[in-house]
Amino acid sequence: MAKYLLLKHYRGAPDPVNNVPMDQWTPEEIEAHMQYMRDFATRLEKSGEYVDGQALAPEGAWVRYDGEGRPPVTDGPFAETKDLIAGWMVIDVDGYERAVELAGELSAAPGAGGRPIHEWLELRPFYGSAPTVTE
């Protein structure tokens with residue numbers, strides 16, 4: 001088993017096919033999208049492939065240490081100048097091929113008009129993670 005991180009981006013990734021920003025969706029379209037995500041996670045929980053996941057708000061700031069006795073430095077809440085992560089999911093699967101297969105399914109979540117978004121998802125393996133299931 002190998003762990004992978006699936007990252008959903010507000011922006012910073014290539015444009016999806018159904019490229020209508022979520023703030024322009026109807027409440028019903030948002031609920032359909034969120035239900036798809038919940039159903040996907042539930043199915044992976046049943047197969048033992050789901051580890052964790054969470055949707056994230058678009059607000060945020062970069063923060064760094066600026067030296068002894070000095071306050072942390074932030075870049076401020078300038079969303080238009082940085083990549084924004086909309087959410088993430090950690091999966092634990094048999095290998096890369098299965099991770100790609102699941103990312104492809106997740107990319108089909110509905111968006112505006114109920115049509116699949118075909119959004120790009122960033123797929124990242126965990127560095128040096130050991131299998132979590134013993135044989």
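**Exercise 1. Is Glu31 buried or exposed, or does Glu31 count as partly exposed?**

*Solution.* Step 1. The model is predicted, so that local features need pLDDT of at least 70 and side-chain atom pairs count only at pLDDT 80 or more, while totals for chains, interfaces and linings use all residues. Residues are numbered from 1 along each chain as its sequence is written, and side-chain values use heavy atoms, with hydrogens and water left out.

Step 2. A residue is buried when its relative accessible area is under 20%, exposed when over 50%, and partly exposed in between (1.4 Å probe, protein chains only).

Step 3. Glu31 has a relative accessibility of 41% and counts as partly exposed.

Step 4. Glu31 takes part in a salt bridge with Arg38, in which the closest N and O atoms are 2.5 Å apart. Arg38 is also partly exposed, its relative accessible area being 39%.

**Exercise 2. State the secondary structure of the protein and the order of its elements.**

*Solution.* Step 1. Helices (H or I, at least four residues) and strands (E, at least two) are DSSP runs, numbered from the N terminus.

Step 2. The protein has two helices and six strands. Read from the N terminus, the order is β-α-β-β-β-β-α-β.

Step 3. Of the 135 residues in the protein, 30% are buried.

Step 4. Contact means heavy atoms within 4.5 Å. Among the contacts with a separation of 6 or more, 77% come from residues 24 or more positions apart.

**Exercise 3. How many salt bridges are there, and which residues are linked in a network?**

*Solution.* Step 1. A salt bridge is a side-chain nitrogen of Lys or Arg within 4 Å of a carboxyl oxygen of Asp or Glu. Side chains of opposite charge can pair when their charged atoms come close.

Step 2. This rule gives a count of eight salt bridges.

Step 3. One of them joins Arg43 to Glu105, with 2.2 Å between the closest N and O atoms. The pair links distant parts of the chain, since Arg43 lies in helix α1 (residues 27-47) and Glu105 in helix α2 (residues 96-106), 62 residues apart. Arg43 is partly exposed at 38% relative accessibility, and Glu105 is partly exposed at 26%.

Step 4. Another salt bridge joins Glu101 to Arg98, with the closest N and O atoms 2.9 Å apart. Because Glu101 and Arg98 are three residues apart in helix α2, about one helical turn separates them. Glu101 is partly exposed at 44% relative accessibility, and Arg98 is partly exposed at 22%.

Step 5. Salt bridges link Glu49, Arg98 and Glu101 in a network.

**Exercise 4. Which residues of α2 are buried?**

*Solution.* Step 1. The buried residues of α2 are Ala99, Leu102, Ala103 and Leu106.

Step 2. Viewed down the axis of α2, these buried residues fall within an arc of 105 degrees, so they line one face of the helix. The arc is that of the directions from the helix axis to the C-beta atoms.

Step 3. An α-helix has 3.6 residues a turn, so residues three or four places apart point the same way.

**Exercise 5. Describe the largest pocket and the place of Lys8.**

*Solution.* Step 1. On a 1 Å grid over the protein atoms alone, a pocket is an open set of points where a 1.4 Å probe fits, with protein on both sides within 12 Å along at least five of seven lines; lining residues have an atom within 4 Å of a point. Grid points are joined across faces, edges and corners, and a volume is the space filled by probe spheres set on the points.

Step 2. The largest pocket holds about 960 Å³ of space. It is lined by 37 residues, and the closest to its centre are Lys8, His9, Tyr10, Met22 and Ala86. The elements that give two or more residues to this lining are β1 (2-11), α1, β2 (50-55) and β5 (84-93).

Step 3. By class, the lining has 24 nonpolar residues (Ala, Val, Leu, Ile, Met, Phe, Trp, Tyr, Cys and Pro), six charged residues (Asp, Glu, Lys and Arg) and seven polar residues (the others, Gly among them).

Step 4. Lys8 lies in strand β1 and is buried, with a relative accessible area of 11%. Beyond its neighbours within four places in sequence, Lys8 is in contact with residues including His33, Met37, Ala86 and Glu119.
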